[in-house]
Amino acid sequence: MTTQADSRRDQIVRAALDLLEETGYEAVTLRAIARRLGVRLNTVSWHVKTKAGLQDLLAEAILAEIPLHRLPTHWRERVIVLVRRYRRALLAHRDGARVVAGTFTPGPATLGYAEAVIEALLSGGVSPHKAGWLCWTLTYFTLGLTQEEQAAPGALADRLESTISPENYPALTQVQPYLVDNEFDSRFEFGLNLILTGDDLGDSKN
């Protein structure tokens, strides 16, 4: 049963998501939400308390968009599909990766996604220890890559071109085109497959 408090919290999250798309994460404040909804600041603060609390709610709303049905039978393919969907949910919102990074709320969307990934790993014979760490590794990798993808394009290329030369950084000069190529889809698939086919999974089934 949806309560009045739940309804108001949903309105706050919806307003925050709209502001996120329009202005970016920095501009999403409790005061800005109050102005958008036409209510007093303390009305929003009563439901959300802090900017950190708002970030948790936003992260949960973004991860709620990840479908957890129609997954492959094979455990490794299941994990790959889930992480791809995770990235798509982040990319669907301006600064989505930045919002989710640094949060881990005990909400049903966050826990449901983690449950699906770890269940797939365990079903493939990955030990509980490695399954837990592997879930974090996949999360860190995807969040980091997606934050770079959603940042200002070309920023890293401009910085490297002005500081790297064969004389002072010969190794980096050789790989510089691949560090700044903006081939994010290819880089994501490369890293995802590398993580999930590593020999250190050891005790997993084929």
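This is a predicted model: local features need pLDDT of at least 70, side-chain atom pairs count only at pLDDT 80 or more; totals for chains, interfaces and linings use all residues.

Reader: Let us begin with the helix pairs. At what angle do the axes of H8 and H11 cross?

Author: The crossing angle is roughly 170 degrees, and the axes come within 11 Å. Helix H8 covers residues 128-150, and helix H11 covers residues 184-196. H8 is therefore roughly antiparallel to H11, since angles over 145 degrees are counted that way.

Reader: Which residues of H8 and H11 meet?

Author: On the H8 side they are Leu134, Thr137, Leu138, Phe141, Thr142, Leu145, Glu148 and Glu149. Their partners in H11 are Phe184, Asp185, Arg187, Phe188, Gly191, Leu192, Ile195 and Leu196. Sorted by class, this contact has nine nonpolar, three polar and four charged residues.

Reader: And H5 against H8: how do their axes cross?

Author: The axes of H5 and H8 come within 10 Å, with a crossing angle of roughly 35 degrees. The crossing of H5 past H8 is right-handed. H5 contributes Val79, Val83, Tyr86, Arg87, Leu90 and Leu91 to the contact. From H8 come Leu138, Thr139, Thr142, Leu143, Thr146, Glu149 and Gln150. The classes here are seven nonpolar, four polar and two charged residues.

Reader: What does Thr142 touch, apart from its sequence neighbours?

Author: With neighbours within four places in sequence left aside, Thr142 is in contact with Val83, Tyr86, Arg87, Leu90 and Phe188.

Reader: Turning to the core, how many residues does the largest nonpolar core have?

Author: That core has 51 residues, and those with the most contacts inside it are Ile33, Leu54, Val79 and Leu121. Helix H5, residues 75-91, supplies the largest share of the core, with eight residues. As a general remark, nonpolar side chains tend to be buried together in soluble globular proteins.

Reader: Which residues does Ile33 touch?

Author: Not counting residues up to four places away in sequence, Ile33 touches Ile12, Ala15, Ala16, Leu19, Val28, Val44 and Leu54.

Note on methods: Residues are numbered from 1 along each chain as its sequence is written. Side-chain values use heavy atoms; hydrogens and water are left out. Axes are lines fitted to C-alpha atoms, for helices over the stretch in contact, and angles run from 0 to 180 degrees between N-to-C directions. Helices (H or I, at least four residues) and strands (E, at least two) are DSSP runs, numbered from the N terminus. Angles under 35 degrees count as roughly parallel, over 145 as roughly antiparallel, 65 to 115 as roughly perpendicular and the rest as oblique. Contact means heavy atoms within 4.5 Å. Ala, Val, Leu, Ile, Met, Phe, Trp, Tyr, Cys and Pro count as nonpolar, Asp, Glu, Lys and Arg as charged, and the others, Gly among them, as polar. A nonpolar core is a set of buried Ala, Val, Leu, Ile, Met, Phe, Trp, Tyr and Cys residues joined through side-chain atoms within 4.5 Å. Buried means under 20% relative accessible area, exposed over 50%, partly exposed in between (1.4 Å probe, protein chains only). A crossing is left-handed if the near helix is turned anticlockwise from the far one by less than a right angle, and right-handed if clockwise.
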